[in-house]
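Reader: I've got a model open and a few things I'd like to talk through. Can we go over the helix packing and the aromatic rings?

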Amino acid sequence: MNIWVAFGALVTGVIVWFLLVRRLSTRSWERHGSSVHLRHARGDVGEVGVPPARIALWVFLAVITSLFGLFISAYFIRMGHGHGAGHGISDWHPVSKPTILWFNTAMLVLSGATMQAARRAVRLNDRARVTGFLFAGGVFAILFIGGQLVAWQQLRDAGYGLTSGPAGAFFYVLTGVHGLHLLGGLVVWLKTMTRMRARAVELIELRLSIELCTVYWHYLLVVWLVMFVLLLST
Amino acid sequence: MAYAAIADRDHTHPLHEPQSFLTKYIWSQDHKVIAIQYTITAIAIGLVALTLSVLMRLQLGFPHSFSLIAPQNYYQFITLHGMIMVIYLLTALFLGGFGNYLIPLMCGARDMVFPYLNMVSYWVYLLAVLVLVAGFFVPGGATGAGWTLYPPQAILSGSPGARWGIVCMLASLAIFIVAFTMGGLNYVTTVLQARCRGMTMMRMPLSVWGIFMATVLGLLAFPALFVSAIMMTLDCLAGTSFFMPAVSSMGQPLAYNGGSPLLFQHLFWFFGHPEVYIVALPAFGIVSDLLSTHARRHIFGYRMMVWAILAIGCLSFVVWAHHMYVSGMNPYFGFFFATTTLIIAVPTAIKVYNWVLTLWRGDIHLTVPMLFAIGFIFTFINGGLTGLFLGNVPVDVPLSATYFVVAHFHLVMGVSPILVVFGALYHWYPKMTGRMLDDTLGRIHFWITFVGTYMIYMPMYYLGILGLPRRYYAWDQAIQFIPPSAHTMNKWITVTALFVAAVQLVFLFNLVWSFFKGKPAGGNPWRATTLEWQTPDTPPIHGNWGERLPVVYRWAYDYSVPGAKEDFIPQNVPPDKLAPIGHAQGQKSSS
């Protein structure tokens with residue numbers, strides 16, 4: 001199972017390599033095709049290249065890829081531990097999977113879809129639709145987190161507490177860390193919603209926030225799907 | 001936010017000068033102030049670690065003479081000394097300190113792209129330091145598990161601080177990682193997005209390259225420590241068995257079952273080995289700039305140096321298990337990791353050759369920063385060559401638990417980076433404060449530190465080959481085969497260590513005294529080419545560059561260009577401002 005750790009290292013290495021080689025020759029001070037006209041509250045700041053916040057988000061996604069990759073490789077190593085370590089049988093006993101997880105997955109998919117719709121509506125400059133979709137996206141995400149908490153409760157009631165065994169403990173840790181990342185996203189979502197409500201803020205100024213929220217939402221959806229498959233199959 | 005990220009939109013944009021003392025020096029969002037806050041905090045906690053090492057040396061040199069050092073205290077000192085030096089001093093100082101100060105100035109930016117996040121990063125780091133120090137005062141005291149914090153012993157009642165000390169340590173590490181991630185996102189994004197016009201990646205000074213790559217390593221490697229900290233905290237507080245096997249403590253079987261201590265080691269060293277390069281790469285970068293500036297000669301093989309930094313960074317993720325040859329892991333892994341470990345010596349050797357070739361026929365000025373830089377080369381070679389021994393499984397197995405390893409890693413990742421830290425402080429202090437550090441005190445500091453560390457660590461190699469085990473509180477009665485001469489040697493090491501520790505006070509005195517009484521430095525005392533020396537004010541004021549951002553026309557190493565009027569051409573001097581430049585252009589493009 002160490003192969004998974006090596007694999008994780010390889011993937012992170014490739015990501016770094018790709019990022020570096022791509023950026024090595026760029027001239028960040030020059031305009032890009034995809035440049036955005038940014039206006040800050042402090043005054044017009046003019047044409048910019050790739051916004052720094054977008055770069056920062058992608059770097060951050062690389063960081064949490066490393067985080068979840070390591071959690072998942074730890075999961076595999078711990079699962080395999082015990083088979084060959086001399087004491088015969090592994091202590092890994094799969095836990096029962098609460099059915100509500102399917103509902104939660106649907107919520108997160110809907111959340112990502114509505115965020116995407118909000119992002120599209122920004123392009124149409126339709127303020128009402130943006131507000132509606134953005135709001136719905138956040139509500140679905142909150143429902144997802146609520147559903148995960150219900151899943152924890154059901155799991156505990158079924159006799160799989162934190163100390164019941166490694167499979168149960170990993171279930172709580174993985175879903176917990178994922179949920180915390182989504183909560184962090186919701187903080188940014190809340191900030192964006194507050195700015196949406198202020199009439200003085202033009203829609204175009206929120207374009208970047210909405211785009212980055214959407215990217216982050218999609219990313220966390222992918223992480224959840226990987227984890228969900230992992231939890232169901234083991 | 002991000003008011004200075006892009007060169008083109010800079011000129012019309014008003015800068016927001018902080019007004020009060022509180023916003024200017026305490027809750028500051030200026031990268032220079034944050035850098036100095038990081039530096040002072042790191043040095044302060046580093047002094048704690050230095051004191052701990054003195055206490056350890058007193059115990060080792062004169063066992064049973066100091067009643068205040070009980071065995072459990074000794075283990076607490078070892079643990080905290082290692083953890084502080086590696087993470088809270090070196091990582092924070094190189095990235096939070098020098099990274100913060102140098103990246104915007106060397107790249108020609110007005111500030112980091114996210115100044116607010118930068119400020120939060122410092123305060124969260126300070127919180128991590130405070131939680132770490134709090135570990136000394138909780139019931140049971142600080143953890144004594146060794147800096148690697150291996151389970152199961154880290155949370156078994158036989159170890160000091162097994163209940164609250166270890167929790168403080170893990171919490172502090174987690175907080176530190178949050179702080180580092182906030183800072184790291186800033187450093188990476190600033191390097192990628194906020195460089196001034198003309199500053200291509202391949203024109204960046206190697207200091208920025210080293211800090212940049214180290215930050216990338218940190219961003220990808222610290223999550224491993226984060227993962228292990230979370231799971232170990234749960235093992236400790238909630239009773240899970242991620243790492244804890246079925247085990248008895250004090251004759252009582254505990255509730256743990258089936259966990260894998262080896263999993264912790266893999267996670268820890270997946271962070272731990274890149275961590276070595278998180279400390280080393282900024283040192284590599286900074287020392288390249290020091291050598292080039294003070295030898296008045298362009299860095300030899302700039303492109304090769306950049307690619308070596310990148311190669312070392314990538315390879316550092318596939319060598320971690322060479323710390324685990326004696327852990328009982330599958331021996332076949334040892335073969336794989338020994339191979340990768342030896343491969344990493346290739347780019348490292350390239351860097352060493354290039355440093356030496358930079359000096360070759362240079363106009364070497366033996367200034368204090370230069371002394372430290374040359375001292376670094378010697379020390380790094382000495383420490384690094386023994387790494388080749390230890391990278392091989394059959395040599396490592398007998399040596400792993402001895403003082404040979406102590407000497408190796410102290411020279412290669414303790415003393416070497418610290419020498420660069422000192423050199424860099426002597427080099428950039430004039431820019432930070434506007435005054436030179438005192439030269440004589442600097443030379444005293446260098447020679448005693450440099451010679452002293454050799455007197456400390458060279459004998460340790462011999463002690464290690466004799467078989468003197470590390471991590472022991474006392475061995476005089478326990479181990480019969482150690483000859484009495486080893487004890488004499490230990491006394492000698494301790495006495496030298498006291499001297500070397502004491503001379504650091506001279507350095508501290510120099511820092512404070514020169515701040516008030518030092519010789520005024522002027523804008524560019526070392527006649528250097530990089531952008532930070534071309535600021536309109538010294539020390540640079542908020543916003544760094546006055547009205548217009550600099551524009552870069554050349555690489556950072558135009559020293560002693562044939563035909564040029566002076567022996568250095570700053571990066572922001574346009575070609576038409578030069579006298580007939582002769583070979584300068586050709587030299588630049590061919591390098």
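Reader: Is the crossing of H5(B) and H6(B) left-handed or right-handed?
Author: Keep in mind that this is a predicted model. The two helices are residues 165–193 and residues 206–237 of chain B, and their axes come within 8 Å. As for the hand of H5(B) on H6(B), the crossing is left-handed.

Reader: And how do H5(B) and H6(B) run relative to each other, roughly parallel or roughly antiparallel?
Author: Their axes cross at roughly 155°. Angles over 145 degrees count as roughly antiparallel. H5(B) and H6(B) are therefore roughly antiparallel.

Reader: On to the rings: what kind of aromatic pair do B:Tyr38 and B:Tyr125 form?
Author: Centre to centre they sit 4.9 Å apart, with 25° between the planes. Planes under 30 degrees apart count as stacked. So B:Tyr38 and B:Tyr125 are stacked.

Reader: How far apart in sequence are the parts that this B:Tyr38 and B:Tyr125 pair ties together?
Author: B:Tyr38 is in helix H2 (residues 31–61) of chain B, while B:Tyr125 is in helix H4 (residues 115–134) of chain B. The pair therefore ties together parts that are separated by 87 residues.

Reader: Is B:Tyr125 buried or exposed?
Author: Its relative accessibility is 0%. Buried means under 20%, so B:Tyr125 counts as buried.

How values were computed:
Residues numbered from 1 in each chain as written. Chains lettered and ligands numbered in written order. Predicted model: local features only at pLDDT ≥ 70, side-chain atom pairs only at ≥ 80, totals over all residues. Heavy atoms only, no water. Axes fitted to C-alpha atoms, helices over the stretch in contact; angles between N-to-C directions. Helix = DSSP H or I, 4+ residues; strand = E, 2+ residues; numbered from the N terminus. Parallel < 35°, antiparallel > 145°, perpendicular 65-115°, else oblique. Left-handed = near helix turned anticlockwise from the far one by under 90°. Phe/Tyr/Trp six-rings, centres within 6.5 Å; stacked < 30°, edge-to-face > 60°. Buried < 20%, exposed > 50% of the residue type's maximum accessible area, 1.4 Å probe, protein only.
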